[in-house]
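User: I would like to go through this model and ask, for each label, what value stands behind it. Please set the values against the cut-offs where a step needs them.

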Amino acid sequence: MAIPVLLAVASLTFFLVKLAPGGPFDADKAVSPQVLKNLNEAYNLNATEWEQYVDYMSGIIQGDFGPSFRFPGRSVSEMIATGLPITFELAFYSILIALLIGVSSGVLAALKRNTYLDFIPMAIAMIGICVPTFLMGPLLVLIFGINLELLPVSGWGQLPGDKLLPSITLGFAYAAYIARLSRGGMLEVLNQDFIRTARSKGLSERNVVIKHAMQGGLIPVVSFLGPAIAGLLAGSFVVETIFQIPGLGRFYVEAAFNRDYTMILGTTIFFSAMIVFFNLLSDLAAMWLNPRSRDV
Amino acid sequence: MKKLFILCLSFLFLTSCSSSVTPVDSGLEDQVFHFGNGSEPQGIDPHIVTGVPEHHILISLCEGLTIPNAFGDGNLPGAAQSWTVSDDGREYIFNLRNNGMWSNGDSVTAEDFVWSWKRILTASLGSQYPDMLYYLEGAYEYHNGLTDNFDDVGVKAVDKFTLKINLKAPTPFFLGLLSHYSTWPVHKETVLKHGSIDDRNGQWTRPGNFVCNGPFNLKSWELNNKIVVEKNPMYWDATVVRLNQIHFYPVSNVMTEDRMFRAGQLHVTSTLPSQKCPIYIEEKNPDLRIDPYMGQYFYRLNTENPALKDTKVRKALAYAIDKKLLVEKVTKCGQIPAYSFTPPGSNGYQPDTTIPFDPELAKQLLTDAGYSDENPFPKLEILFNTNEDHRKIALAVQQMWQQNLGIEVELVNQDWKVYLSREMVGDFQVSRAGWIGDYEDPNTFLDLMRPNRGNNKTGWEDFEYDSLIETANKTTDQEQRYELLKQAERILIDNMPVIPLYTYVRSYQLSSDVKGYNPHILDHHHPKFIYLERE
């Protein structure tokens with residue numbers, strides 16, 4: 001199913017980007033018709049739409065996403081390969097932070113239901129959901145980077161500690177969702193008969209929670225993780241811009257602004273593949289965790 | 001699994017111990033200049049790229065026949081150590097340095113310039129600046145396929161180090177054109193090793209492959225992260241160069257750049273968040289720099305639009321704008337109200353036009369054009385690209401036109417490419433525009449408004465204006481030439497296809513450690529004059 005989905009995404013995107021007004025070579029200093037003709041010739045834009053489509057699709061089947069229109073001398077595949085490891089690393093650290101904060105506070109809130117240990121983490125989670133990253137990022141930079149001078153304000157892997165603030169900024173929003181999902185999932189499981197049975201058998205509360213309750217209670221979190229990781233990869237643009245991180249998200253958004261057709265197509269197809277893959281992965285993980293789905 | 005999880009987090013936190021030595025501090029000791037460069041450059045092939053960030057990098061890597069004068073107007077010798085101009089102003093003889101070298105040790109020869117200019121005029125390369133060389137005999141014809149013999153083009157290597165250039169007409173600003181990167185040389189053997197003469201995607205600009213003749217060499221290039229250039233020992237004037245490296249950071253977000261500067265990660269920023277400029281002026285921020293800049297912010301009026309066909313209407317719109325108020329209350333960063341299309345003082349040229357702020361006269365002009373309470377002026381649209389600063393200016397102008405002329409104005413903001421496309425096909429009434437001079441001469445502005453120029457975009461044509469500029473550019477006497485240009489500019493302002501609003505300034509932050517970074521009207525800062533020193 002994944003291959004037809006990706007081919008449909010590629011075809012749709014190919015024609016949609018061409019519908020947007022403006023072209024890749026429009027600039028403040030207008031180019032002469034002769035120069036524009038030469039540029040179009042160089043990038044095969046003088047051919048019919050159908051010819052361009054066939055040419056492009058045969059290229060991507062062979063793994064060739066074409067040259068970037070905006071950056072002469074760079075291929076789209078090369079640019080994806082440059083930005084991807086950084087975006088992956090950012091997403092990985094962010095999801096770790098999100099899981100650490102989200103699961104622990106969600107589980108704690110569920111165990112201490114209707115106490116301050118429930119209200120406070122959930123209130124913070126609500127703030128995390130409400131505060132956008134474009135506010136959270138500069139706020140953290142202002143406090144830890146400029147006022148306290150503890151951490152660098154930008155960069156990725158250039159100065160000690162420059163990965164921390166972006167990872168926290170991006171991770172915090174997801175931590176908030178995870179906290180609420182964990183709490184909900186845990187509350188549901190903690191009221192189940194098998195938990196009462198476990199407790200009546202004399203198991204310690206720690207074992208009951210970790211070995212029995214969390215396995216079922218965290219299924220919503222696992223289901224959420226697939227789209228969340230895909231979202232982290234595709235939606236890291238804001239954090240990458242705030243912290244000057246050379247990831248794929250910036251290429252993606254800037255390509256749209258620059259009408260860099262091949263780059264838009266390449267990144268869209270790539271992110272679509274990521275979304276399909278991580279959704280599949282989270283479905284498999286949820287199935288593995290939930291014995292009822294396994295039986296089905 | 002749990003152990004792996006803890007290990008990863010520990011790694012992240014352990015690498016988070018920040019050191020108190022900032023790049024600006026360490027740069028001082030190592031002569032490493034950290035440069036905020038706006039956006040990721042398209043590339044570093046001088047014949048293909050366009051844009052300011054590209055210029056900042058190229059000026060450190062390559063050198064044209066002349067270089068910008070860091071200490072005043074005009075140009076200094078670059079790859080050419082001297083030149084002579086014939087009495088009729090049409091023939092230039094450049095004497096190249098015999099110690100000029102490419103970064104791989106080859107000599108920079110006159111033939112290199114001939115081949116490089118042939119490259120930029122090769123139509124299939126798709127260079128966006130071939131018009132910079134259209135002043136040469138036969139250049140337009142060669143680029144447009146009217147001749148395929150490059151010998152017809154007015155650039156010849158007389159001998160190894162002598163370059164002869166023949167122009168169609170005396171072009172008094174020709175030397176100024178040579179400081180533009182599109183006229184700079186490329187190393188023939190390197191380009192051809194990695195592609196053909198017209199290959200836009202050749203790999204010769206990659207680190208390790210790149211060869212040029214400037215004061216620095218390309219060391220590394222991390223996309224969207226930074227470009228590092230290091231001192232070129234082969235450069236003919238290497239003893240003067242004091243910086244060891246320049247790190248160019250493509251920081252497209254102005255707020256991020258501002259924070260990076262404040263945290264000591266940059267020596268210089270590419271710009272300043274507009275909302276911070278008045279605050280920094282009030283705080284007397286010692287790092288704030290506001291330099292003159294050869295650029296004009298203006299509104300284009302579509303003279304083919306029925307509502308704007310009448311000159312009286314266009315003048316009424318212009319006279320109803322209080323530009324002084326605009327720069328004092330809206331832009332607030334030292335911009336200068338504009339009363340001419342050319343920025344005053346460009347290469348000694350002082351335009352003598354005026355555009356008064358006179359609401360009464362403006363109203364009268366609108367009445368004379370046939371508009372009244374019974375026949376109100378139709379709703380007008382101001383088109384601008386999505387940007388908070390443009391929106392603020394458009395809001396102020398909207399308010400002024402509504403208040404002074406009773407005109408209903410709608411603001412239309414569009415994504416950059418949509419805005420450009422609408423301007424290009426004439427789908428606008430009033431659109432915001434800006435123009436930065438390519439070279440230091442009023443012609444870089446006045447040429448825009450000649451008939452059939454792609455950047456005119458207003459539909460306005462005046463053949464007397466065109467002929468005056470044509471004559472001026474054939475005149476070798478500067479005083480006489482400027483008089484002709486002033487006459488042309490008076491015609492332009494009298495017809496008002498554009499409403500100049502203000503003259504730009506270059507506002508940015510510069511660390512006090514940076515020396516030799518002098519104000520320059522085109523914002524050209526040759527890195528061989530820059531060094532770092534703390535007082």
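User: Which residues of H13(B) are buried?

Analyst: This is a predicted model. In H13(B) the buried residues are B:Ile393, B:Ala394, B:Val397, B:Met400, B:Trp401, B:Asn404 and B:Leu405.

User: Why are the buried residues of H13(B) said to line one face of the helix?

Analyst: Viewed down the axis of H13(B), the buried residues fall within an arc of 125 degrees, so they line one face. In general, an α-helix has 3.6 residues a turn, so residues three or four places apart point the same way. On the other side of H13(B) lie the exposed residues B:Glu388, B:Gln399 and B:Gln403.

User: What covers the buried residues of H13(B)?

Analyst: The cover includes three helices of chain B, H10 (311-319), H11 (323-331) and H12 (359-368). It also includes the strands E13 (380-385), E14 (409-414) and E15 (430-436) of chain B.

User: How do you know that the length of helix H13 of chain B agrees with its number of residues?

Analyst: The helix has 18 residues, 388-405, and at 1.5 Å a residue these should span 26 Å. The end C-alpha atoms are 25 Å apart, which agrees.

User: Why is B:Ile407 called buried?

Analyst: The cut-off for buried is 20 or more other C-beta atoms within 10 Å. B:Ile407 has 22, so it is buried.

User: What is B:Ile407 in contact with, leaving aside its neighbours within four places in sequence?

Analyst: The contacts of B:Ile407 beyond those neighbours are B:Phe377, B:Leu380, B:Trp401 and B:Gln402. Of these, B:Trp401 is also one of the buried residues of H13(B). As for distance in sequence and space, B:Ile407 and B:Leu317 are 90 residues apart in sequence and 9.6 Å apart, C-alpha to C-alpha.

User: What makes E12 and E14 of chain B edge strands?

Analyst: They belong to an open sheet of 6 strands with mixed pairing, in the order E12-E16-E11-E15-E13-E14 (chain B). Strand E12 (336-337) and E14 each have a single partner strand, so one side of each is left without a neighbour in the sheet. Inside that order, E13(B) and E15(B) pair in the parallel sense over 2 bridges, and B:Ile382 stands opposite B:Val430 in E15(B).

User: Why is strand E10 of chain B described as mostly covered?

Analyst: Of its 5 residues, 245-249, 4 are buried.

User: How do you know that E10(B) pairs with strand E1 of chain B, and in which sense?

Analyst: A pair needs at least two bridges. E1 (residues 32-36) and E10(B) have 5 bridges and run parallel, with B:Phe33 opposite B:Ile246. Strand E9 (residues 226-231) of chain B is joined to E10(B) by 4 bridges in the antiparallel sense, and B:Val229 stands opposite B:Ile246 there.

User: Why is chain B called as compact as a globular protein of that length?

Analyst: Chain B has 17 helices and 18 strands. Its radius of gyration is 25 Å, close to the 24 Å that the globule rule gives for 535 residues, so the chain is as compact as a globular protein of that length. The C-alpha atoms fill a box of roughly 75 × 70 × 50 Å along the principal axes, and buried residues make up 49% of the chain.

User: How many residues of chain B are in contact with chain A?

Analyst: 49 residues of chain B are in contact with 45 residues of chain A. H14(B) gives the largest share of the chain B side, 6 residues. By class that side has 18 nonpolar, 24 polar and 7 charged residues.

How values were computed
Residues numbered from 1 in each chain as written. Chains lettered and ligands numbered in written order. Predicted model: local features only at pLDDT ≥ 70, side-chain atom pairs only at ≥ 80, totals over all residues. Contact = placed C-beta atoms within 7 Å. Nonpolar A, V, L, I, M, F, W, Y, C, P; charged D, E, K, R; others polar. Expected span 1.5 Å × (residues − 1). Buried ≥ 20, exposed ≤ 12 C-beta atoms within 10 Å, placed from the backbone. Arc of directions from axis to C-beta. Rg over C-alpha atoms; globule rule 2.2 N^0.38 Å.
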